[in-house]
Amino acid sequence: MKAIVTVLTLFLAACNSPPALGPTPGAIGFDGGDGGPTWSFASTGGTGPTATWQVRADAAAVSPPNVMALVATNHDDEDRFNLCWSAGVPFQNGRLQVSLRADRGAVDQGGGPMWRVQDADNYYVCRVNPLESNYRVYVVSKGVRRQLGTALVDAKAGTWHRVEVEHHGAEIRCSFDGVLLLEASDNTIPAAGGVGLWTKADACTSFDDLLVRPSDS
């Protein structure tokens, strides 16, 4: 029965159009007046310069007027992860979400949120890749990425999608456009850490409406 339910969930996720996204109360909109955190830019693995991230105006922003966008990767390394994160938004347990739009990328596209970030080599990440039509959750430990779960999705480049994560203790649940697709259990990084945004290789992506809701459980 569980297998049937899983297949049905994936089918519905693939067939339904993305929901209309709008500003979420309390979310970080990258708009300058919302008391947002200070962001750091870094890389995991690979070689070459760090990618260029930029807060910029976007007429199609989920939470107008601005988005946080990776505008140039500055390297040709297919194994490099591009990071934009803040230690000033602590997160251990609770819920977070972000809206993202894959703008371009020949080797890789999309991206997602990262959390419990200890440094550039230790964190969790959930990402969507329109080129591969998949949605995955990973843990990165000592710079090595390990997959915790995967699902097929119909994710379109140039369209806003929403990634939502719930993490309590070792239990992780990830939803895509409102549909729960991934469940995993992992104890690699139990401590609180920062939150941020992640892409891989040449994926240039815009992010908006980052919501972080920590809990005590």
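Keep in mind that the model is predicted. Its largest nonpolar core has 39 residues, and an open sheet of 7 strands runs with antiparallel pairing.

**The cores**
- In the 39-residue core, W115, C126, Y135 and V137 touch the most other members.
- Leaving out residues up to four places away in sequence, W115 touches F91, L96, Y123, Y124, V125, C126, V137, V165, H167, I172, G194 and V195.
- There's also a second, separate core of 12 residues, and F81, L83, V117 and Y138 are among them.

**The sheet**
- Reading across, the strand order is β2-β3-β14-β5-β10-β11-β12.
- From one strand to the next, the twist averages 25 degrees.
- Strands β10 (residues 160-168) and β11 (residues 171-176) run antiparallel and are joined by 6 bridges.
- E166 sits opposite R173 in β11.

**D186**
- You'll find D186 in the loop between β12 and β13 (193-200).
- D186 counts as buried because its relative accessibility is 7%, and the cut-off is under 20%.
- The D186 side chain makes a polar contact of 2.6 Å with the side chain of Y124, and another of 2.8 Å with the side chain of T188.
- Not counting residues up to four places away in sequence, D186 touches Y124, V139, R146, L148 and A170.

Note on methods
Residues numbered from 1 in each chain as written. Predicted model: local features only at pLDDT ≥ 70, side-chain atom pairs only at ≥ 80, totals over all residues. Heavy atoms only, no water. Core = buried A, V, L, I, M, F, W, Y, C linked by side-chain atoms within 4.5 Å. Buried < 20%, exposed > 50% of the residue type's maximum accessible area, 1.4 Å probe, protein only. Contact = heavy atoms within 4.5 Å. Pairing = 2+ DSSP bridges. Helix = DSSP H or I, 4+ residues; strand = E, 2+ residues; numbered from the N terminus. Axes fitted to C-alpha atoms, helices over the stretch in contact; angles between N-to-C directions. Polar contact = N/O pair within 3.5 Å; in protein donor to acceptor, adjacent residues only side chain to side chain.
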